Amino acid sequence: MTEVLSQTTYIDTAVEVVQRLGGTMVGARDRYPEPPLPTLDGVRSWFYAIDHHDDLRRRVSEASGMGAQNLSASLTDNKLRPDLAVLAADLAGVSSTSGLVVTGFIHPTEGGWPHDARKQALAALTELELVDHLTQRSRHASRILTQATQERAKMQKFRDTLG
């Protein structure tokens, strides 16, 4: 469930909150379909979700021969080669197919995930867990949007400099 939850977005989670409110909001899930995988920060979130001992980055780096800085840069960019995702999954003791799902190499159903796995995982959370998850997902979204805004500002400054 942790791996599946790592693939939810703040919108998925907010829709679940709204769905639980009921009333005129019932059916919100139907109006806001799940985004396709990989999500904007799905690879990075998945990697941290399976890192139960806080040493997975080091272990993947050592086992693959990839420099730790390069691996960190890949995760920051939300990119991971499929072979590294499988290696990370194996080292973490989780299904290697999940690594292929979150990198977009295979479709979730090909990886053994039910077609509505993310909705099921969110529905299984208690109210407190759901609110905590929404907070976490919102922080991720804020980080991504902040980075995108900074990149656009840099590009605009560069264009302005070129004239």
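**View 1. Glu62 and Arg58 meet in a salt bridge, with their closest N and O atoms 3.1 Å apart.** A salt bridge here is a side-chain nitrogen of Lys or Arg within 4 Å of a carboxyl oxygen of Asp or Glu. This is a predicted model, in which local features need pLDDT of at least 70 and side-chain atom pairs count only at pLDDT 80 or more, while totals for chains, interfaces and linings use all residues. Residues are numbered from 1 along each chain as its sequence is written, and side-chain values use heavy atoms, with hydrogens and water left out. Both Glu62 and Arg58 belong to helix α5, four residues apart, or about one turn of the helix. Helices are DSSP runs (H or I, at least four residues), numbered from the N terminus. Glu62 is exposed, at 55% relative accessibility, whereas Arg58 is partly exposed, at 42%. For these labels, buried means under 20% relative accessible area, exposed over 50%, and partly exposed in between (1.4 Å probe, protein chains only).

**View 2. Arg58 also pairs with Asp55, and Arg81 pairs with Asp83.** The closest N and O atoms of Asp55 and Arg58 are 3.1 Å apart. In the salt bridge of Arg81 with Asp83, the N to O distance is 3.0 Å. Returning to Arg58, shared partners link Asp55, Arg58, Arg59 and Glu62 into one network of salt bridges. The count of salt bridges comes to seven.

**View 3. Helices α4 and α5 pack at an angle of about 105°.** Helix α4 covers residues 42–50 and helix α5 residues 56–64, and their axes are 9 Å apart. Each axis is a line fitted to C-alpha atoms over the stretch in contact, and angles run from 0 to 180 degrees between N-to-C directions. The two helices α4 and α5 are therefore roughly perpendicular, a label that covers angles of 65 to 115 degrees. On the α4 side, Phe47, Tyr48 and Ile50 make the contact, and on the α5 side Leu56, Arg57 and Val60 do. Contact means heavy atoms within 4.5 Å. By class, the residues of this contact are five nonpolar, no polar and one charged. Here Ala, Val, Leu, Ile, Met, Phe, Trp, Tyr, Cys and Pro count as nonpolar, Asp, Glu, Lys and Arg as charged, and the others, Gly among them, as polar.

**View 4. Asp54 and Asn78 each have a positive phi of about 60°.** Look for Asp54 in the loop between α4 and α5, and for Asn78 in the loop between α6 (68–76) and α7 (82–92). Asp54 is exposed, with 68% relative accessibility, whereas Asn78 is buried, with a relative accessible area of 14%.

**View 5. Thr8 is buried, with a relative accessible area of 0%.** Thr8 sits in the loop between α1 (2–5) and α2 (10–21). Leaving aside residues up to four places away in sequence, Thr8 touches Thr13, Arg118, Leu122, His133 and Arg137. Thr8 and Arg118 are 110 residues apart in sequence, yet 6.4 Å apart in space, C-alpha to C-alpha. With His133, the side chain of Thr8 makes a side-chain to side-chain polar contact at 2.6 Å. A polar contact is a pair of N or O atoms within 3.5 Å; within protein, one must be able to donate a hydrogen and the other to accept it, and residues adjacent in sequence count only if both atoms are side-chain atoms.

How values were computed: Parallel < 35°, antiparallel > 145°, perpendicular 65-115°, else oblique.
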